[in-house]
Amino acid sequence: MVRRGKQPLDTGRNRIRLTRGIQVGTVLLCADNSGAKMLKVIGVKGVRGRLNRLPAATLGDVLVCSVVKGKPDLRKKIVLAVPIRQKQIIRRPDAVHMYFEDNAAVLITNKCELRGTQINGPVAREACELWPKISSQASSSF
């Protein structure tokens, strides 16, 4: 059997373990200027799961979302997004605990390009380390 090569959206990257604060059904704000305002999480890329456990994600993961509010051509469409802020407390390896006041994400394409051209608000350092394109467009990162 022929093995497939690494796909661009495979989430098996080397990463530190973070608290998974975004699960299926969570409503996120869209922090870029792509035209979407609110996103609803309907899946998480790379999560295998277990019986009766909702797939959960953390900063830098790839989410499958539905656009709840935004431009009419984007509404009710299935899009990919990367969370950049979460309300759940994040514990960093240097023993710092931090959290944001909202859950927010930015939209990406199937080729891991950002849909918007600018990002509103702060971006978590963990998302910037995994996604260099997000860090180049972020106004501030914490």
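Is R92 buried or exposed? I looked up its relative accessibility, found 5%, and therefore noted R92 as buried, since the cut-off for that word is under 20%.

Leaving aside the neighbours within four places in sequence, I listed M98, R125, E126 and F142 as the residues in contact with R92. For one of these, F142, I also wrote down a distance, because the backbone oxygen of F142 lies 2.7 Å from a polar atom of the R92 side chain, which is within the 3.5 Å limit for a polar contact.

I then turned to the cysteines and searched the whole structure for disulfides, which gave zero. C65 is in no disulfide, and the nearest cysteine sulfur, which belongs to C30, is 9.0 Å away. I noted C65 as buried because its relative accessible area is 0%, and C128 as buried too, with a relative accessible area of 12%.

The mean pLDDT of the protein is 90, and 89% of its residues reach 70 or more. Over residues 1-7, however, the pLDDT is below 50, and beyond near neighbours in sequence this stretch has one contact in the model. Where pLDDT is low, the predicted coordinates should not be read in detail.

Methods:
Residues are numbered from 1 along each chain as its sequence is written. This is a predicted model: local features need pLDDT of at least 70, side-chain atom pairs count only at pLDDT 80 or more; totals for chains, interfaces and linings use all residues. Side-chain values use heavy atoms; hydrogens and water are left out. Buried means under 20% relative accessible area, exposed over 50%, partly exposed in between (1.4 Å probe, protein chains only). A polar contact is a pair of N or O atoms within 3.5 Å; within protein, one must be able to donate a hydrogen and the other to accept it, and residues adjacent in sequence count only if both atoms are side-chain atoms. Contact means heavy atoms within 4.5 Å. pLDDT is the predictor's confidence in each residue, from 0 to 100. A disulfide is a pair of cysteine sulfur atoms within 2.5 Å.
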